[in-house]
Amino acid sequence: MSADKRTGRERGEEWWQTGIIEMRPGVIRLRGYEIQDLIGRVSFPAMIWLMLRGDLPGDDQAALLGIALGAAVDHGPQAPSIAIARMAATCGVGINNAMASAINVLGDVHGGAGEQALSFYGDIAAAMDGGASLAEAVSARLDRIFAEEKDYVPGLGHRFHPIDPRAPRLIELTRDFAGRGVVSGRFADIAEAIEAEVATRKGKTIPLNIDGATAVIYGELGFPPPLTRGLFVLSRSVGILAHAWEQSQESDRNKGPLPKEWLWAYSGTPARPFPGDSD
């Protein structure tokens with residue numbers, strides 16, 4: 001019986017193995033650190049870093065991560081995720097339902113550009129590691145994306161802003177942190193070289209956007225591309241929460257995407273009689 005109990009306990013312990021958290025009655029350790037030692041001494045960005053990376057960041061690393069997270073919290077109800085959160089709230093659902101509805105649309109098109117941009121930068125960085133110059137690596141990677149008949153380069157351009165006001169400031173701050181030795185500045189170099197080469201090829205500047213700029217920071221800090229999308233979800237969740245809460249305090253019910261006097265364009269079959277009915 002004791003052997004069976006021991007086997008059962010061992011199976012239970014092995015069922016969910018994790019290097020993230022250790023917990024038993026009265027004890028919580030995150031990545032080996034006692035939770036009470038972290039509380040009040042570690043910022044939220046530093047806690048994110050610890051959970052994802054396994055150790056505590058330096059203060060400057062945490063600060064730069066916080067800058068990237070803070071830059072993308074909201075983009076107004078014209079952003080699908082924010083609009084969906086507000087519409088869900090008017091349907092009478094709770095905050096968690098409204099947030100989940102919004103987060104579920106953060107996919108490849110709305111929410112995935114940062115991951116795509118960092119993967120793009122990473123390809124260029126890998127070519128440079130293989131001996132190519134920055135200009136050669138950027139040119140070769142752009143050749144490939146245009147040969148694939150892509151009509152956009154990840155991290156460039158914005159459907160709403162001629163110049164995304166967030167991007168230049170993020171690059172400026174990245175350069176500042178690089179100047180102090182916190183990061184290398186390599187991904188900032190890559191992003192700016194991409195922007196310049198695309199401008200040369202197209203005859204006009206297509207500026208870096210928020211996704212391209214935050215991808216620079218996440219790349220500088222050593223985050224892999226898939227985590228970039230998750231970090232964006234964390235960031236945008238702040239705006240989603242704010243909008244869902246604000247909308248829940250209003251009296252609107254079942255508020256759709258457009259005012260009722262603005263209906264969609266119908267492009268189907270014209271009005272017709274049901275078969276057998278007289279005209």
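The model is predicted, so local features need pLDDT of at least 70 and side-chain atom pairs count only at pLDDT 80 or more, while totals for chains, interfaces and linings use all residues. Residues are numbered from 1 along each chain as its sequence is written, and side-chain values use heavy atoms, with hydrogens and water left out. Helices (H or I, at least four residues) and strands (E, at least two) are DSSP runs, numbered from the N terminus.

**The sheet**

- Three strands make up an open sheet in the order S1-S2-S3, with antiparallel pairing, where two strands pair if DSSP finds at least two bridges between them.
- S1 and S3 stand at the edges, each with a single partner strand, so one side of each has no neighbour in the sheet.
- Strand S1 (residues 21–24) is joined to strand S2 (residues 27–30) by four bridges; Ile 21 stands opposite Leu 30 in S2, and Met 23 has Ile 28 as its bridge partner in S2.
- The hairpin of S1 and S2 has two residues between the strands, and Gly 26 takes a positive phi near 85° there.
- S2 is joined by two bridges to strand S3 (residues 33–34), in which Glu 34 is the bridge partner of Arg 29 and Tyr 33 is the bridge partner of Leu 30.
- In the hairpin of S2 and S3, which also has two residues between the strands, Arg 31 has a positive phi near 50°.

**Helices H3 and H4**

- The axes of H3 (residues 44–53) and H4 (residues 59–71) come within 8 Å and cross at roughly 100°, where axes are lines fitted to C-alpha atoms over the stretch in contact and angles run from 0 to 180 degrees between N-to-C directions.
- H3 and H4 are therefore roughly perpendicular to each other, a term for angles of 65 to 115 degrees.
- Pro 45, Ala 46, Ile 48 and Trp 49 in H3 meet residues of H4 including Leu 65 and Leu 69, contact being heavy atoms within 4.5 Å.

**Helix H12**

- Helix H12 (residues 225–248) has 24 residues and reaches 35 Å from its first C-alpha to its last, close to the 34 Å expected at 1.5 Å a residue, a span taken as 1.5 Å times one less than the number of residues.
- A kink of about 30° in H12 is centred on Arg 236, the bend being the angle between axes fitted to the seven residues ending at a residue and the seven starting there.

Terms used. Parallel < 35°, antiparallel > 145°, perpendicular 65-115°, else oblique.
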